[in-house]
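This briefing is meant for a reader meeting the structure for the first time. Please look over the sequence and the model before turning to the notes below.

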Amino acid sequence: MADGHRLLLENARQVVLVCARGERFLARDALRSLAVLEGASLVVGTDGFIKAIGPADAIQKQFSEETFQERIDCSGKCILPGLVDAHTHPVWAGERVHEFAMKLAGATYMDIHQAGGGINFTVERTRQASEEELFSSFQQRLGCMMRAGTTLVECKSGYGLSLETELKMLRVIERARRELDISLSPTYCGAHSVPKGKTATEAADDIINNHLPKLKELGRNGEVHVDNIDVFCEKGVFDLDSTRRILQSGKDIGLQINFHGDELHPMKAAELGVELGAQAISHLEEVSDEGIAAMAAARCSAVLLPTTAYMLRLKQPRARKMLDEGVIVALGSDFNPNAYCFSMPMVMHLACVNMRMSMPEALAAATINAAYALGKSHTHGSLEVGKQGDLIIINSSRWEHLIYQFGGHHELIDYVIAKGKVIYKK
């Protein structure tokens, strides 16, 4: 339909813009208070992009002659940007609920990993699963994320470790990217673990000589679209040297560097990421002071994962120090069989309580800064004219309820909207 507009959201108690001046991220003092309009309305065009936001009476005057495919009365409610989940592993087969019991009994992540569990267990099951089975479970998981308010999600491969299964996972992500309403940012994470029977050096060689050239070819043909390259840089997994080689090779074929670093041991991964021009580094529980300063100076985003530190009983990432030094802090759920959480509202709550972030800092980290970590903050992560019409409507008089009500997001979220289309209604 060329005529009219797709959607009018009227008379909201609050519209949380997050940014109002086209900022690509928020850091330091800009995080003290987010841009919020009271008593406002918002218009999304038929192209799925935001056309106008402003005081309800002004929007009513401006669009009095216009037709809308849908109008939603938001009286007494709040409109927020769709949430952005900057780190997930959502394509896999095989439950690991038995490992949760082991962890509760005191086994560490690496104990389980070395006993053939963890990533290795999931790799076996994912290799056996058909593409159709993987797509079906992936689609269900994305539905759960979407109903919790997520409209853009980073999705990693990495439970294949062989070229064949990594490509199977990437095809599943590509199919979802084309068919579903939620936006995806695909990540190649073939260096998630060293496959059985190989050394880290041999695994790195295989990735550089075989996996990446194939990805480049599939990208050129338009068969599979990948945004980011990831490596699990960790003691006993990929060392700094192998990590550097793989990330540089990914960058050479046009991928953004966005990798796991300094999680279980201090590895100087942050310093390496900055040296290579990384867009984002995840985890950082063991990051050095020098690494934090380097990331702040380079505008390299820190993707913090409160669920992982909570479930593995690790030391929490030093979010306060990062924020005080001007690092661009983003959040992710780290959804995977080890940290089974779909909900960015719960991630924000954990970030506030366990990592001592403020509610505005947490919301910015789950919107504009998470979009920045994926190189997508020019189109996602805030409610501004010209950006994609991805938003959520919550039934409360103040936006903070989305974080304050721990586990209450299902009751609070009335609508989830992607590109101006209602994709969930309570």
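Helices (H or I, at least four residues) and strands (E, at least two) are DSSP runs, numbered from the N terminus, and by that rule the protein has 17 helices and 16 strands. This is a predicted model, in which local features need pLDDT of at least 70 and side-chain atom pairs count only at pLDDT 80 or more, while totals for chains, interfaces and linings use all residues. Residues are numbered from 1 along each chain as its sequence is written, and side-chain values use heavy atoms, with hydrogens and water left out.

**Overall form**

- The C-alpha atoms fill a box of roughly 70 × 45 × 40 Å, taken along the principal axes.
- Buried residues, meaning those under 20% relative accessible area (1.4 Å probe, protein chains only), make up 61% of the 426 residues.

**Helix 6**

- Among the buried residues of helix 6 are Leu167, Met169, Leu170 and Ile173, together with the charged Glu166, Lys168 and Glu174.
- The buried residues of helix 6 pack, with contact meaning heavy atoms within 4.5 Å, against helix 4 (119-128), helix 5 (131-147), strand 7 (150-156), strand 8 (183-191) and helix 7 (200-220).

**Asp262**

- Asp262 lies in the loop between strand 10 (256-261) and helix 9 (269-276).
- Although buried, Asp262 has no salt bridge, a term for a side-chain nitrogen of Lys or Arg within 4 Å of a carboxyl oxygen of Asp or Glu; the nearest side chain of opposite charge, Lys268, is 8.2 Å away.
- The side chain of Asp262 does reach the backbone nitrogen of Lys268 at 3.2 Å and that of Ala270 at 3.1 Å.

Terms used. Buried means under 20% relative accessible area, exposed over 50%, partly exposed in between (1.4 Å probe, protein chains only). A polar contact is a pair of N or O atoms within 3.5 Å; within protein, one must be able to donate a hydrogen and the other to accept it, and residues adjacent in sequence count only if both atoms are side-chain atoms.
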